[in-house]
Amino acid sequence: MARGNGNKKFKLKYYQNLAKTVASESTELRHKSTQYSSSQLGQNQTLEPEIMPPSASVESDDYNDGEDPAYLSHLDEVSIEPVGRKRTPGDDPMKSWLPECDVFLEEILTLEGRGPIVFDHCPMCHEKIMLDTRLFECFDCCGRLLLCTQCIVSTHQSNPFHRIREWNGHFFVKTTLKSLGLTIQLGHPRGTACANSISSPGDDFVIIDTNGIHEVTLYFCGCGQSNQLHTVQLLRHRLYPATTQNPKTAITFRALETFEMLSYASKVSCFEFYQSLSRLTDNTGTHHVKRKHVSSDSRDPDLGQGFAYFVEEKAYKEYLKKHENFVEPKSNCSRHDAVNLSNAKPGVSHAASGVGTIECARHNMKCPNAVGDLQFGERSLFKLHLSTIYLSYDIACQWSIYLKICMLELDHKFLIFDDKVYVKFVVPKFHLPAHVARCRSNFSLNYTVGAGRTDGEAPERGWAEVNPLASSTKEMGPGSRRDCLDAHFGDYNWRKVMSMGPTLFRKARAAANNMANHTIAHDELTATLPTDTVKKWTEEVEAWERWRGPLSENMSEEPENPYDHQVELPTQAAMRRRLAEAEANDIASGKDLALDVNITPSVLISTGLDLKAKQRSIKVELSKIWAHSQDRQHTRLQLRNNALSRKLSAWSQRQQLYIPAVVSLRRIDTATVNAHSTPPPVHEYPLWLLSSIQNKIPFDKGLAEIEWELRVAQAEEALEDIRHNLQIRSYLFKFKDQNVRGQHANTRARHAIDNVQSKIDAFAEEYRAAQHAIVSLGTLLEKIGWRQKYPTLERDDIREISEAEEGISAGRSLTSWIWCIKGTAEP
């Protein structure tokens with residue numbers, strides 16, 4: 001064992017020394033090989049390093065089985081530890097380059113103009129430059145030359161896809177070689193004319209190259225000297241045609257190779273590659289970007305220093321350092337992770353948890369000097385200089401409560417303390433449904449004067465552009481990362497500016513088309529209301545809007561929110577209590593109509609409704625049973641069936657006390673069962689409540705009144721449960737999209753959403769059962785108004801308050817009626 005360990009130790013040291021020898025010999029060999037020319041070496045001569053074992057006295061067998069003490073002693077004296085290297089300016093390139101920044105910037109800006117290019121003659125043809133002489137510069141050629149028209153065309157016969165710009169006396173403007181007369185002739189050597197050239201159809205042949213998309217004048221050979229196929233002529237010119245029949249577009253082979261390598265290395269799509277080339281031709285047509293704790297501000301400084309979108313880093317970090325122990329108050333609204341997790345650390349090895357930005361909510365553009373790294377959750381500091389500010393964010397309801405208190409301690413010069421600045425807090429439309437009812441009216445952009453059709457989602461929408469940068473920027477130093485994001489923010493704003501005209505035109509046209517429809521609908525609704533009511537409502541809305549506006553200081557007290565509904569919904573429990581109290585009054589007055597000590601009329605009907613609910617529940621459970629369900633599932637369902645069957649039998653016997661004629665209906669049921677020889681499943685057993693009996697047999701109309709009141713409460717309660725669970729589902733969807741990652745977590749989140757969806761479906765069935773009974777009883781008891789208040793619940797009606805109908809945008813969709821009936825808001 002000892003010999004084996006020693007042998008391994010010897011081999012390890014031998015291999016280490018061998019590697020060092022190879023490296024040393026290789027370096028020396030490369031040095032010596034530069035002294036030889038190819039003529040001094042024979043055709044078959046090669047230079048190979050001669051690598052010998054470290055000790056010539058050790059036989060080859062001894063390397064495997066024995067040890068050389070002298071050699072081991074020599075190895076012990078050799079140090080194999082890496083030797084420290086002296087740092088050079090190349091280790092901190094940005095730091096050493098920063099003093100030269102102005103020189104680089106000046107030279108780059110010089111390239112935008114003529115700079116030092118001043119001469120009287122064309123450098124190529126030496127023709128004198130006159131006042132009307134057109135001068136051109138190639139953007140892709142090496143070096144800078146201003147050439148006349150003839151020379152710029154002649155020098156680009158071999159480079160017809162270069163980008164050309166013309167000096168107009170003040171600045172350069174883009175032009176093309178096609179407009180200057182350059183043509184491309186296929187099928188013949190360069191500079192040779194064709195006796196029967198064929199022009200491309202329309203004279204608008206398009207060629208895609210690595211530097212952009214070019215429209216050229218191209219001629220095919222028609223004299224018969226070359227292959228007559230146009231596709232072959234293009235391919236021989238290293239141009240790949242887009243179609244085989246009458247091609248009008250081609251792409252260069254080098255562009256195809258470039259795209260191939262990009263697709264391998266960066267997984268860029270063909271569409272993205274084309275879009276990049278399109279923007280190179282004419283450039284008129286980022287939320288959680290973490291950064292690892294690599295490098296430092298001193299070694300990797302940023303170029304902007306607060307001149308672009310990021311705030312000045314030094315002052316920003318001083319501010320965060322000063323208030324690093326500040327604890328964010330918890331949310332008193334729905335569970336908002338932006339608040340409850342605001343004190344979360346960035347994570348191990350991360351210097352920033354993300355990026356916070358301020359954006360123009362109307363135009364969806366990044367504001368200058370309004371981007372900063374998030375150090376603890378979503379906490380930051382920005383400065384704006386505006387007179388009216390609408391602060392839109394998904395937790396603005398919490399900001400409205402705590403922002404002044406917190407900022408008074410942190411920064412008493414913050415904009416909200418400026419008497420000349422009016423600040424209004426609003427919640428974006430997509431996030432608003434997840435809030436409680438009082439927030440949905442107090443912080444709604446739909447009820448905010450001056451907000452127009454703004455949805456307030458600009459801060460969230462912009463992350464689709466910047467999130468793909470996360471994988472690359474998190475490995476950058478702080479300065480490089482900020483410069484990269486600044487550049488992308490600038491590009492994002494530039495594209496917004498260039499698309500502003502078409503966007504505003506499209507929105508203005510949509511507003512003009514829809515204004516008439518909404519105005520007519522509003523006028524028609526107003527015409528159905530009493531004049532005094534309309535006047536009262538108008539005064540209440542205007543007073544509430546003044547309170548929420550800049551003139552609120554002139555009002556002594558806050559007016560009531562006209563959009564808040566303070567209506568208590570009838571619940572089944574409350575209705576049963578009221579019926580029980582009514583029966584107690586009947587007993588006290590000697591008018592007790594109960595025919596059983598334990599079963600009163602209201603108890604009979606309410607128990608029947610409970611049994612119907614159990615039948616629906618068993619029906620749902622039965623739909624989940626399949627051929628391979630486990631025995632315990634079948635057993636549990638069978639036990640529930642048995643218990644419900646006994647309850648139905650006992651309830652039917654007591655029902656006969658109050659509705660004796662129901663016996664005739666049950667006899668018909670029994671005869672039907674005997675005819676089919678198969679009894680119905682327990683969940684289909686007919687209860688024959690008053691809404692089902694209708695006019696089939698006589699009964700006391702007082703019992704029908706009791707069921708009517710209980711059914712109305714059942715419908716109201718089912719609708720409220722649907723609305724409540726829709727809000728929960730909306731929150732779960734948002735939380736899953738923003739926070740859940742990984743298969744396991746997504747599966748659990750999907751399971752939670754499915755459970756909520758099951759509740760929504762169950763409450764929807766409960767409402768449909770109640771609504772069907774209301775339709776039957778309403779006609780029987782000659783009730784009025786129930787058709788408008790309790791319409792049929794379709795599948796498309798079950799959607800969140802801001803959720804649009806399928807195929808219709810949110811701005812044009814109508815809110816589902818389940819949110820528009822009396823008492824939809826929480827008290």
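Analyst: Two strands pair if DSSP finds at least two bridges between them, where strands (E, at least two residues) and helices (H or I, at least four) are DSSP runs numbered from the N terminus. This is a predicted model, in which local features need pLDDT of at least 70 and side-chain atom pairs count only at pLDDT 80 or more, while totals for chains, interfaces and linings use all residues. Residues are numbered from 1 along each chain as its sequence is written, and side-chain values use heavy atoms, with hydrogens and water left out.

Let's begin with the setting. The protein chain holds 27 helices and 15 strands. Its 827 residues include 36% that count as buried (under 20% relative accessible area, with exposed over 50% and partly exposed in between, for a 1.4 Å probe and protein chains only).

Now to strand β6, residues 205-209. Because 4 of its 5 residues are buried, β6 is largely enclosed by the rest of the structure. Two partners take part in its pairing. The hairpin joining β6 to β7 passes through 2 residues. With strand β9 (residues 249-252), β6 runs parallel, joined by 3 bridges. Here V206 has T249 of β9 as its bridge partner.

Strand β1 (residues 135-138) and β2 are antiparallel, with 4 bridges between them, and E137 stands opposite R165 in β2. On its way to β1 from α5 (101-110), the chain passes through a loop that contains H126. H126 is not a glycine, yet has a positive phi of about 65°. With a relative accessible area of 57%, H126 is exposed.

In a regular strand the side chains alternate between the two faces of the sheet. Strand β2 (residues 164-167) is covered on both faces: I164 and E166 on one side are buried, and so are R165 and W167 on the other. From β2 the pairing goes on to β3, antiparallel and again described by 4 bridges, with W167 bridged to F172 in β3. The β2-β3 hairpin has 4 residues between the strands, and G169 in this hairpin takes a positive phi near 100°. R165 also lies over the face of F172, at 4.2 Å from the ring centre (a charge sits over a ring if NZ of Lys or CZ of Arg is within 6 Å of the ring centre and within 35 degrees of the ring normal).

T175 belongs to β3, residues 172-175. T175 counts as buried because its relative accessible area is 18%. Leaving aside neighbours within four places in sequence, T175 is in contact (heavy atoms within 4.5 Å) with F136, I164, R165 and E166. The T175 side chain also makes a polar contact with the side chain of S179, at 3.0 Å. That term covers a pair of N or O atoms within 3.5 Å; within protein, one must be able to donate a hydrogen and the other to accept it, and residues adjacent in sequence count only if both atoms are side-chain atoms.

A search of the whole structure finds 7 aromatic pairs (rings of Phe, Tyr and Trp, its six-membered ring, with centres within 6.5 Å; planes under 30 degrees apart are stacked, over 60 edge-to-face and the rest tilted). One of them is F259 with F273, a tilted pair because the centres are 5.3 Å apart and the planes stand at 40°. F259 sits in helix α8 (residues 253-266) and F273 in helix α9 (residues 270-281), 14 residues apart. F259 is partly exposed at 22%, whereas F273 is buried at 10%. Another pair, Y309 with F489, is edge-to-face, at 6.1 Å centre to centre and 80° between the planes. Y309 lies in the loop between β10 (291-292) and α10 (313-322) and F489 in helix α17 (residues 478-498), so this pair ties together parts 180 residues apart in sequence.
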